[in-house]
Amino acid sequence: MGTNGSTMLEPLRQGLPPLDPAAVSNAASCALPPRYEAVREARRFTRRTLDGWDTGDRFDDVCLVVSELVTNALRHALPADTPRHDEQHGPVRLHLMRWTERLVCAVRDPSHDSPVARETDDFSAESGRGLFLVDSFSDSWGWHPLAGTLNGKVVWALFRL
């Protein structure tokens, strides 16, 4: 494994960039059911939210990243025995937050595993490509474990508006 390819995709294991939570001008979130249709729901939610915030011009980039993050959460982060019918509080949650010139999308999931390429035999080009897309289309991204009583982690991506 050469170093140059893998280091670029090492996500920053860090909280969000130092953005003042009090200065958030808009925030929205939705719980996603543990099914693959959730990706479509996440896209629809993102479209509605960005249109409402007049930031639709970044929609394509943001939507692509949201799709990848949600897909990763559903594919890798849910235990195999997750009930697939629990609509009320989906184990995966999408958050969108907007500052004056920044937009952050964050996906929360119940797994503590770092969202880096897995060292398993089934590591397909596809799952690696997902993080590559996130890296390409967002201005920065990273992840951090949840603190306190919440289990899991948040993977976030930041867009300049």
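Here are some questions and answers about this predicted model.

Me: What percentage of the residues in the chain is buried?
Reply: A residue counts as buried when its relative accessible area is under 20%. The chain has 161 residues, and the buried share of them is 41%.

Me: How much of the contacts with a separation of 6 or more comes from residues 24 or more positions apart?
Reply: Here we look at contacts in the chain whose separation is 6 or more. Among these contacts, the share from residues 24 or more positions apart is 70%.

Me: How do helix 2 and helix 3 run relative to each other, roughly parallel or roughly antiparallel?
Reply: Helix 2 covers residues 37–52 and helix 3 covers residues 59–77, and their axes lie 9 Å apart. The packing angle is about 150°. Angles over 145 degrees count as roughly antiparallel, so helix 2 and helix 3 are roughly antiparallel.

Me: Is the crossing of helix 2 and helix 3 left-handed or right-handed?
Reply: This is about the way helix 2 passes helix 3. The crossing is right-handed.

Me: How many disulfides does the count come to?
Reply: A disulfide is a covalent bond between the sulfur atoms of two cysteines. The cut-off for the pair of sulfur atoms is 2.5 Å. Take C105: because its sulfur is 9.7 Å from the closest cysteine sulfur, in C63, the two are too far apart for a bond. By this rule, the number of disulfides is zero.

Me: Is C105 buried or exposed?
Reply: Buried means under 20% relative accessible area. C30, at 12%, is buried. C105 has a relative accessibility of 0%, so C105 is buried.

Me: Where is S114 found, and what is the separation of the C-alpha atoms of S114 and A77?
Reply: S114 sits in the loop between strand 4 (102–109) and helix 4 (125–137). With a relative accessible area of 26%, S114 is partly exposed. S114 and A77 are 37 residues apart along the chain, and their C-alpha atoms are separated by 9.7 Å.

Notes
Residues numbered from 1 in each chain as written. Predicted model: local features only at pLDDT ≥ 70, side-chain atom pairs only at ≥ 80, totals over all residues. Heavy atoms only, no water. Buried < 20%, exposed > 50% of the residue type's maximum accessible area, 1.4 Å probe, protein only. Axes fitted to C-alpha atoms, helices over the stretch in contact; angles between N-to-C directions. Helix = DSSP H or I, 4+ residues; strand = E, 2+ residues; numbered from the N terminus. Parallel < 35°, antiparallel > 145°, perpendicular 65-115°, else oblique. Left-handed = near helix turned anticlockwise from the far one by under 90°. Contact = heavy atoms within 4.5 Å.
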